[in-house]
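Open the model in your viewer and keep the selection panel at hand. This tour goes stop by stop.

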Amino acid sequence: MIAALGLLVGIVLGLVLQPDVPLWLEPYLPIAVVAALDAVFGGLRAYLDGIFDDKVFVVSFISNVVIAAAIVFLGDKLGVGGQLATAVIVVLGIRIFSNVAAIRRHLFHA
Amino acid sequence: MPDQPETPDPSQEQAAAPDSGDETRGSRERLWRAATGRPTRGHWIIGLVLAGVGFAAMVQVQSNERDDQYAGLRQGDLVRVFDGLSSSTQRAEREIERLRAAQQDLQSDTSQRQAALEQAQQDRQVYGILAGVLGAQGPGVRITISDDAGEVRASLLLDTIQELRAAGAEAIEFNDQVRFVAQSAVGETAQGITIDGRLIEAPYEIDVIGDPATLADALVFPDGPAERVERVGGTLESVRSDDIVIESVVSDTETDFAESDEDQ
């Protein structure tokens, strides 16, 4: 309940405030958002599996985001930022799909 | 990457598949409890995290829509974009140059055509007047030869005409009826004088377009047309005018034998 409310509040805040993304953050924000989504779906799946732990969730969430951004940052420094960003997005996308599939199996048994 | 998502082990998942009636019910119950149960500290933390996610996602969505296309690009991408732009600029400039050249060609072509057309139209008028297929008007003289004694001969008329031509006559007309041109023939029959087969009667009125003074003077000299007409008992008068109108035209201008030689 609180979680859904929090999500809603975040979305509304983002819509209302419309802050500018700082320039240095601009290449990393989309990656970070996708990584966060992956962590959220992973947490939901773990919850449905009955093995959810909020400490693990928070740690995994933060490290997910930080590592995704760090990989892209490193890629930028090495001159392969674009490709590495694509790679991270692909991996995270696959994980999101598999997590959502597991959630779906739990909820609908299908 | 850390592994909240990886933690459920495969065995558990496989187990879930066969007997999933309970499993599904359990999952839904768990969700229901989470939604309705008393919030714990963990719930608040998760809510906070999710608020952050939602916020970041919306910010990103909006900055993506606002777009600034180039703001988020890396240096390499920018260089590529720039290269693409400059090469397409070059292409466009070449195209402009080509089109401009074509435009110039067409314009000079058009003006040449225009000049040729104007020249042709002018020529057509000049030649039409000289050949007698067009009416004409302009300054000139009107010459009246009266022939009371009936002694004016074709040869005298012809001489008169030759003098007028020598004086620069551009169009000649007899009695407002017959256009006198280069091919015109003067003949004498029992009825009188004919020009191009048409009988004309005295007094002969000759309309001539040309320089009035020159034309008028051309007939008056010792043993000239004026004197010869008077010698046979007629009179020759010339009246200068600024507006001689010649309306008759040569009827048949088709050539039967001669054709134009286009090659020359």
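How many helices and strands are there in chain B? Chain B has seven helices and eight strands. Helices (H or I, at least four residues) and strands (E, at least two) are DSSP runs, numbered from the N terminus.

Before selecting anything, note that this is a predicted model: local features need pLDDT of at least 70, side-chain atom pairs count only at pLDDT 80 or more, and totals for chains, interfaces and linings use all residues. Residues are numbered from 1 along each chain as its sequence is written, while chains are lettered from A and ligands numbered from 1 in the order in which they are written.

**Stop 1: chain B**

Select chain B. Of its 264 residues, 24% count as buried (20 or more other C-beta atoms within 10 Å of the residue's own; exposed means 12 or fewer, partly exposed in between; C-beta atoms are placed from the backbone). Now look at contacts, meaning pairs of residues whose C-beta atoms, placed from the backbone, lie within 7 Å. Among those in chain B with a separation of 6 or more, 77% join residues 24 or more positions apart.

**Stop 2: where the chains touch**

Show both chains. Chain A brings 55 residues to the contact and chain B brings 45. On the chain A side, H1, H2 (29-49), H3 (54-78) and H4 (81-108) each supply at least two residues. H2(A) gives the most, with 16 residues. By type, the chain A side has 32 nonpolar, 15 polar and eight charged residues. Here Ala, Val, Leu, Ile, Met, Phe, Trp, Tyr, Cys and Pro count as nonpolar, Asp, Glu, Lys and Arg as charged, and the others, Gly among them, as polar.

**Stop 3: a helix pair**

**Stop 4: the cores**

A nonpolar core is a set of buried Ala, Val, Leu, Ile, Met, Phe, Trp, Tyr and Cys residues joined through C-beta atoms within 7 Å. Select Ile31(A), Ala32(A), Ala35(A), Ala36(A) and Ala68(A): they have the most contacts inside the largest core, of 37 residues. H2(A) gives the largest share, 13 residues. Finish at another core, lying apart, of 31 residues, including Leu156(B) and Phe174(B).

Terms used
Two residues are in contact if their C-beta atoms, placed from the backbone, lie within 7 Å.
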